[in-house]
Amino acid sequence: VVEVPDSKPGANGYPALEVGADGIADIFYPSNGLRHAARDKNGAWQVESLDNRPAAGPSAVRIGDTWHVIWRAGTGKDTELVHASGATGKWVMATIDKNSQIGSTSVTAVARDKAGHLHLIYRRSNRVWYGTDKFGKWSLVQAGYTESLYLANSLRVDDNGVVHHLHAGSS
């Protein structure tokens, strides 16, 4: 079965698809900003806009009833890496990193550890950056070098709290 939850023109880039413990899929995708599509209790798709700035590379994880979405928003000197937490219609947004060198093709990856802390990876200035909110606010460190960060960007935290990152790119 093929479904189109959003017929609005302009959908582009790579979406983030996540399925909650309730078996319901949520989709976060660039479309003249960042949009969110989710089914309501009657099974109908509901679509909302989270941000109207140009968007790329969304990644999402659900912790309990709360979604955590991270993406690149804006262009040029106004480029930011943004974190939104919440649920349909009730989102809290915060800037993680503001830097014009956050790649326009940057694909973020986000994961959570057993304690519920978030971990992320993204590209800035041909460098791979790692961040976590483990200490109450976002902490960022350079984690490597790459000319580009492609689709195969994966991040997992194992049961011992060790962060594992895999990406495809060129150096």
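**Strand pairing, aromatic contacts and salt bridges**

R112 has L118 of strand β10 as its bridge partner. This pairing belongs to a predicted model. Strand β9 spans residues 109-112 and strand β10 spans residues 118-124. The two strands run antiparallel and are joined by 4 bridges. Between the strands of this hairpin lie 5 residues. In the hairpin, G116 adopts a positive phi near 90 degrees.

Aromatic contacts were examined next. Across the whole structure, 2 aromatic pairs were found. F28 and W67 form one of them, with ring centres 5.5 Å apart. The planes of F28 and W67 meet at 65 degrees, over the 60 that edge-to-face requires, so this pair is classed as edge-to-face. F28 is buried, at a relative accessible area of 0%. W67 also counts as buried, at 4% relative accessibility.

F28 also pairs with W91. Here the centre-to-centre distance is 6.0 Å and the angle between the planes is 85 degrees. The F28 and W91 pair is likewise edge-to-face. W91 lies in strand β8, residues 90-98, and F28 in strand β2, so the contact ties together parts 63 residues apart in sequence. W91 has a relative accessibility of 17% and therefore counts as buried, the limit being under 20%.

Charged side chains were then considered. Side chains of opposite charge can pair when their charged atoms come close. The search of the whole structure returned 4 salt bridges. In one of these, the side chains of R53 and E80 meet with an N to O distance of 3.0 Å. R53 occupies the loop between β4 (45-51) and β5 (55-63), while E80 is in strand β7 (residues 80-87), so this bridge ties together parts 27 residues apart in sequence. R53 is partly exposed, with a relative accessible area of 29%. E80, by contrast, counts as buried at 12% relative accessibility.

E80 has a further salt-bridge partner in K98. The closest N and O atoms of K98 and E80 are 3.6 Å apart. K98 lies in strand β8 and E80 in strand β7, so the pair connects parts 18 residues apart in sequence. K98 counts as partly exposed, at 49% relative accessibility. Shared partners bring D51, R53, E80 and K98 together in one network of salt bridges.

Another salt bridge is formed by D65 and R62. Their closest N and O atoms lie 3.8 Å apart, within the 4 Å cut-off. D65 is exposed, with a relative accessible area of 64%. R62 counts as partly exposed at 21% relative accessibility.

F28 takes part in the edge-to-face pair with W67 and in the edge-to-face pair with W91. E80 forms a salt bridge with R53 and a salt bridge with K98.

Technical notes:
Residues numbered from 1 in each chain as written. Predicted model: local features only at pLDDT ≥ 70, side-chain atom pairs only at ≥ 80, totals over all residues. Heavy atoms only, no water. Phe/Tyr/Trp six-rings, centres within 6.5 Å; stacked < 30°, edge-to-face > 60°. Buried < 20%, exposed > 50% of the residue type's maximum accessible area, 1.4 Å probe, protein only. Pairing = 2+ DSSP bridges.
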